[in-house]
Amino acid sequence: MSNTSVSGLPLGRGLIYLIVAGAAWGTAGAAASLVYRTSDMGPIALSFWRCAAGFVLLLGVHLLRPRPRRTISEPLARKAVRAGATGITLAVFQTAYFAAVEVTGLAVGTVVTLGAGPVFIALGARLTLGERLGRGGVAAVAGALTGLVVLTLGGGGATVRPWGVLLALVSAAGYCLMTLLARKWGRDGGTDAAGTSVWAFAVTSLCLLPFALAEGLLPHAADPLRLGWLVAYIATVPTALAYALYFAGAAVVRAATVSVIMLLEPVSAAVLAIVLLGEHLTAPTLAGILLMLGSVAGLAVAETRGARREREGEPLPV
């Protein structure tokens, strides 16, 4: 690993991209709760509309952005494979998560999906990419997962249902594959991450469309204008912007580090719930937030130190 990746994106900027993306993902839950309060839109239909609108936004940006003078032409077949694989894994990640939440509840579904994700990714990155976390990285992942459990289950009242847990594990597996593929292709070089993300959203929208039609594609709302603004926000900030930053950052940052940084999503959601939705700041919430923020900061520091050591030819910790 070096401070500047094969794709040309500096490591520090990749870390910032991921932090912004994780925080933006956390705002989607608050916005979605407002959508559910103002309409009868279901979670899969909302996921479809956010992906379809996100595709349109990303496509517009992709077509309007200036092309660099020196570009590496990527074969069309490889582009199609990468966009298809990314889109399918994203669809599995989102759809299985929504199904898990419906079966076993938001708290358990979130803990299992986001908690299993870093574990799957750390193992997958070690086996397929040869990436090692080191003792400090393992401690940071453990701290982040502890913080996630405390933050999400600290209030009690959670219901565990085996079928819901299985769906959450399927969601975590989809998230794992999506992250590992983005990292592998970023290391290989010659990949247009922005173009891949655009067409991945097209594939995801097509995958979600049948489920959204079964659930009810067109919602009824007392205030359609408000609903439109909320869906537009979800499609713009936690979807088009966040995923574009995510795929760019995931290409240059170690996969396990990516997975822990993205745990900023429940932190952001918890802060918004306290500030905007009037929820009380409890001791478990505060402890979980601090644990997760500390773990993210620790892994970010370890990532930059590892890059510096490799650049200077020093051995990396096992």
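Of the 318 residues in the protein chain, buried residues make up 47%. The model is predicted. The chain holds 11 helices and 0 strands, and along the sequence it reads α-α-α-α-α-α-α-α-α-α-α. Among contacts in the chain with a separation of 6 or more, 89% join residues 24 or more positions apart.

**Helix α2**

- Helix α2 covers residues 43-64.
- The 22 residues of α2 should span 32 Å at 1.5 Å a residue, and the end C-alpha atoms of α2 are 31 Å apart, which agrees.
- The buried residues of α2 are Ile44, Ala45, Leu46, Ser47, Phe48, Arg50, Cys51, Ala52, Gly54, Phe55, Leu58 and His62.
- Ala53 also belongs to α2, but Ala53 is partly exposed, with a relative accessible area of 28%.

**How α2 packs against α8**

- Two packed helices are described by the angle between their axes and the distance between the axes.
- For helix α2 and helix α8 (residues 224-250), the angle is about 65 degrees and the axes are 8 Å apart.
- The crossing of α2 past α8 is right-handed.
- On the α2 side, the residues that meet α8 are Leu46, Trp49, Arg50, Ala53, Gly54, Leu57 and Leu58.
- On the α8 side, the residues that meet α2 are Val231, Ile234, Ala235, Thr236, Pro238, Thr239, Ala240, Tyr243 and Ala244.
- The residues of this contact of α2 with α8 divide into 12 nonpolar, 3 polar and 1 charged.
- Ala53 and Thr236 are 183 residues apart along the chain, yet their C-alpha atoms are separated by 7.9 Å.

**Aromatic pairs**

- A pair of aromatic rings is described by the distance of the centres and the angle of the planes.
- The whole structure contains 9 aromatic pairs.
- One of these pairs is Phe48 with Trp49: the ring centres are 5.1 Å apart and the planes stand at 65 degrees, so the pair is edge-to-face.
- Phe48 has a relative accessible area of 9% and is buried, while Trp49 has a relative accessible area of 29% and is partly exposed.
- Tyr243 and Phe247 form another aromatic pair, a tilted one, with 6.1 Å centre to centre and 35 degrees between the planes.
- Tyr243 and Phe247 are 4 residues apart in helix α8, so about one helical turn separates them.
- Both Tyr243 and Phe247 are buried.
- Ring pairs also link Tyr243 and Phe247 into a cluster with Trp25, Phe201 and Tyr246.

**Tyr233 in α8**

- Tyr233 is found in helix α8.
- With a relative accessibility of 33%, Tyr233 counts as partly exposed.
- Not counting residues up to four places away in sequence, Tyr233 touches Thr27, Ala31 and Pro238.
- Tyr233 and Ala31 are 202 residues apart in sequence, while their C-alpha atoms are 7.9 Å apart in space.

**Thr204 in α7**

- Thr204 lies in helix α7, which covers residues 193-215.
- The relative accessibility of Thr204 is 0%, so Thr204 counts as buried.
- Leaving aside neighbours within four places in sequence, Thr204 is in contact with Cys51, Gly87, Leu90 and Ala91.

- Helix α3 (residues 76-104) has 29 residues.
- From its first C-alpha to its last, α3 reaches 42 Å, close to the 42 Å expected at 1.5 Å a residue.
- Just after α3 comes Gly105, which takes a positive phi of about 100 degrees.
- Helix α10 (residues 264-275) has 12 residues and reaches 16 Å between its first and last C-alpha, close to the 16 Å expected at 1.5 Å a residue.
- The buried residues of α10 are Leu264, Pro266, Val267, Ser268, Ala270, Leu272 and Ala273.

How values were computed: Residues are numbered from 1 along each chain as its sequence is written. This is a predicted model: local features need pLDDT of at least 70, side-chain atom pairs count only at pLDDT 80 or more; totals for chains, interfaces and linings use all residues. Side-chain values use heavy atoms; hydrogens and water are left out. Axes are lines fitted to C-alpha atoms, for helices over the stretch in contact, and angles run from 0 to 180 degrees between N-to-C directions. Helices (H or I, at least four residues) and strands (E, at least two) are DSSP runs, numbered from the N terminus. A crossing is left-handed if the near helix is turned anticlockwise from the far one by less than a right angle, and right-handed if clockwise. Contact means heavy atoms within 4.5 Å. Ala, Val, Leu, Ile, Met, Phe, Trp, Tyr, Cys and Pro count as nonpolar, Asp, Glu, Lys and Arg as charged, and the others, Gly among them, as polar. Rings of Phe, Tyr and Trp (its six-membered ring) pair if their centres lie within 6.5 Å; planes under 30 degrees apart count as stacked, over 60 as edge-to-face and the rest as tilted. Buried means under 20% relative accessible area, exposed over 50%, partly exposed in between (1.4 Å probe, protein chains only). The expected span of a helix is 1.5 Å times one less than its number of residues.
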